[in-house]
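Here is a short briefing on one protein model. Keep the structure open as you read.

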Amino acid sequence: MNSAVKETFNDRRPTSTPPPPAAAPAPPAPAALAAKVRTLAPTMTRSMQRVAETVVGDPAGCAALTVTGLAERTGTSEATVVRASRLLGYPGYRDLRLALAALAAQQAAGSAPAVTADIAVDDSLIDVVAKLAQEERQCLADTATALDVTQLEAAVAALASARRIDVYGIGASNLVAQDLVQKLLRIGLIAHAHSDPHLAVTNAVQMRARDVAIAITHSGRTTDVIEPLRVAFEHGATTIAITGRPDGEIAACADHILTTSTARESELRPAAMSSRTSQLLVVDCLFIGVAQRTYETAAPALSASYEALAHRHNPRH
């Protein structure tokens, strides 16, 4: 996290004792390895991409290789293999091999689906439906596996007691932002979705402690989303990032990070399309968690909203 921002963070939230050092993040579960590769591949060098794509494409075969063997198979160096392992979240190549062996066993048992083929321009609609359904299932499973429940619980607690909630998203992410806001409004919370970056910043300036700001960005580097989140952070609000890149720029101003997965990007399936599915899963988890915590007020509010709209769904006689 940026040191200047963290100094501001520490100034506004003084503690009597210094916080304990952050624990190193746990390596991704074997089932989440493919999702990790899909997320990080665009930022890797070509040689590291070859390593990452090779191990995901043949986990059983690669699990049997030494670091030298994998380097030879991918036409790279041992140092590149080690760097790729660390970028994927493993302390070293030995840990990656263990994860590959576990992933291969899961795939053999049918509990971890293999990576599906990209949608081709000449695919039949039957094939399109099958491929999309498989990609969506895998994307949801990857997100559920990688989601940090501790971070999720902290985000739910902040939302449940929030005085005001602002959600920032641009493009397809704004659709997800609007979905979350509509859900929160129906259980009686004060929430707003912002797609205009200027309006988002001017509203963020008014945020204080007990307010919550949420930024939704798959890339983790969307300036129009990061800027209002940083302003809200500096003014004392609790900040939450929903992103596919927990190590992106957004992390510098996020108190809580909820990581999403995505299907492989292709010509006919852009990142905005594939990331929306996992973002909606996280949004639904947030909503259900908040509704559970505020059930005594949420349930009557939901009933009232249903009743208010009931006449619009019944035919007039």
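**Helix 10 and its surroundings**

Helix 10 is followed by G188, whose phi is positive, near 90°. Bear in mind that this is a predicted model.

**Helix 10**
- Helix 10 runs over residues 172–186, a stretch of 15 residues.
- From first C-alpha to last, helix 10 reaches 22 Å, close to the 21 Å expected at 1.5 Å a residue.
- Its buried residues are S173, N174, V176, A177, L180, V181 and L184.
- Seen down the axis of helix 10, these buried residues fall within an arc of 155°, so they line one face of the helix.
- The general rule behind such patterns is that an α-helix has 3.6 residues a turn, so residues three or four places apart point the same way.
- L175 and Q182 are exposed, on the other side of helix 10.

**Q279**
- Q279 sits in helix 13, which covers residues 271–293.
- Is Q279 buried or exposed? Q279 counts as buried because its relative accessibility is 1%, and the cut-off for buried is under 20%.
- Leaving out residues up to four places away in sequence, Q279 touches S173, V176, I216, T217, H218, I242 and T260.
- Two of these partners, S173 and V176, are among the buried residues of helix 10.

**The whole protein**
- The protein has 14 helices and 5 strands.
- Of its 317 residues, 44% are buried.
- Among contacts with a separation of 6 or more, 71% join residues 24 or more positions apart.
- The protein exposes about 16200 Å², and carbon and sulfur atoms supply 57% of that area.

Notes
Residues numbered from 1 in each chain as written. Predicted model: local features only at pLDDT ≥ 70, side-chain atom pairs only at ≥ 80, totals over all residues. Heavy atoms only, no water. Helix = DSSP H or I, 4+ residues; strand = E, 2+ residues; numbered from the N terminus. Buried < 20%, exposed > 50% of the residue type's maximum accessible area, 1.4 Å probe, protein only. Contact = heavy atoms within 4.5 Å. Areas by Shrake-Rupley, 256 points an atom, 1.4 Å probe, with all protein chains shown as cover. Expected span 1.5 Å × (residues − 1). Arc of directions from axis to C-beta.
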